[in-house]
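This report looks at one protein chain, first through a handful of individual residues and then as a whole.

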Amino acid sequence: MRDILAGMPWWVKWVAVPVIALVVFGGLIMSVVGFVIWLLFKVLIFVALVGGLIYVVRKFMSSSSSRGDW
């Protein structure tokens, strides 16, 4: 591959080949990026829900223990 590209102008190596690669594999790249973003969004939702649940349970436990003192 290096021998084939050795005689080509610079714009073929640094412009044309990457553009062709993006055209050919662009759908695959966008699918992978979309999946990673979707996965990060789901992880953030999970963390927020678990954090909210822990907050509510601690708040409920502290208020019920203070009522038991009366």
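In this predicted model, Phe-46 counts as exposed because its relative accessibility is 57%, a value that passes the cut-off of over 50% set for that class.

**Other residues of helix α2**

Helix α2 spans residues 10–69 and includes Pro-18, while Gly-52 lies in helix α2 as well, and Ser-63 also has its place there. Pro-18 has a relative accessible area of 36% and is therefore partly exposed, since this class takes in the values between the 20% limit for buried and the 50% limit for exposed. Gly-52, with a relative accessible area of 31%, is likewise partly exposed, and Ser-63 is assigned to the partly exposed class with a relative accessible area of 26%.

For Ser-63 there is also a contact to report: a polar atom of the Ser-63 side chain lies 2.9 Å from the backbone oxygen of Phe-60.

**Separations in sequence and in space**

The table sets out the C-alpha to C-alpha distances for pairs that involve the residues discussed above.

| Pair | Separation in sequence | C-alpha to C-alpha distance |
|---|---|---|
| Gly-52 and Leu-39 | 13 residues | 20 Å |
| Pro-18 and Lys-42 | 24 residues | 32 Å |
| Ser-63 and Lys-13 | 50 residues | 68 Å |

**The chain as a whole**

What does the secondary structure of the protein chain come to, in helices and strands? The chain has 2 helices and 0 strands, and helix α2, to which residues 10–69 belong, is one of those helices.

The overall dimensions can be described in two ways. Taken along the principal axes, the C-alpha atoms of the protein chain fill a box of roughly 90 × 20 × 15 Å. The radius of gyration of the protein chain is 27 Å, whereas a compact globule of 70 residues would have a value near 11 Å.

How much of the protein chain is made up of buried residues? Of the 70 residues in the protein chain, 3% are buried, a class that requires a relative accessible area under 20%. The protein chain exposes about 6600 Å², and carbon and sulfur atoms supply 79% of that area.

Definitions and conventions
Residues are numbered from 1 along each chain as its sequence is written. This is a predicted model: local features need pLDDT of at least 70, side-chain atom pairs count only at pLDDT 80 or more; totals for chains, interfaces and linings use all residues. Side-chain values use heavy atoms; hydrogens and water are left out. Helices (H or I, at least four residues) and strands (E, at least two) are DSSP runs, numbered from the N terminus. The radius of gyration is taken over C-alpha atoms; the globule rule is 2.2 Å times the number of residues to the power 0.38. Buried means under 20% relative accessible area, exposed over 50%, partly exposed in between (1.4 Å probe, protein chains only). Accessible areas come from the Shrake-Rupley method with a 1.4 Å probe; for residues, only the protein chains shown count as cover. A polar contact is a pair of N or O atoms within 3.5 Å; within protein, one must be able to donate a hydrogen and the other to accept it, and residues adjacent in sequence count only if both atoms are side-chain atoms.
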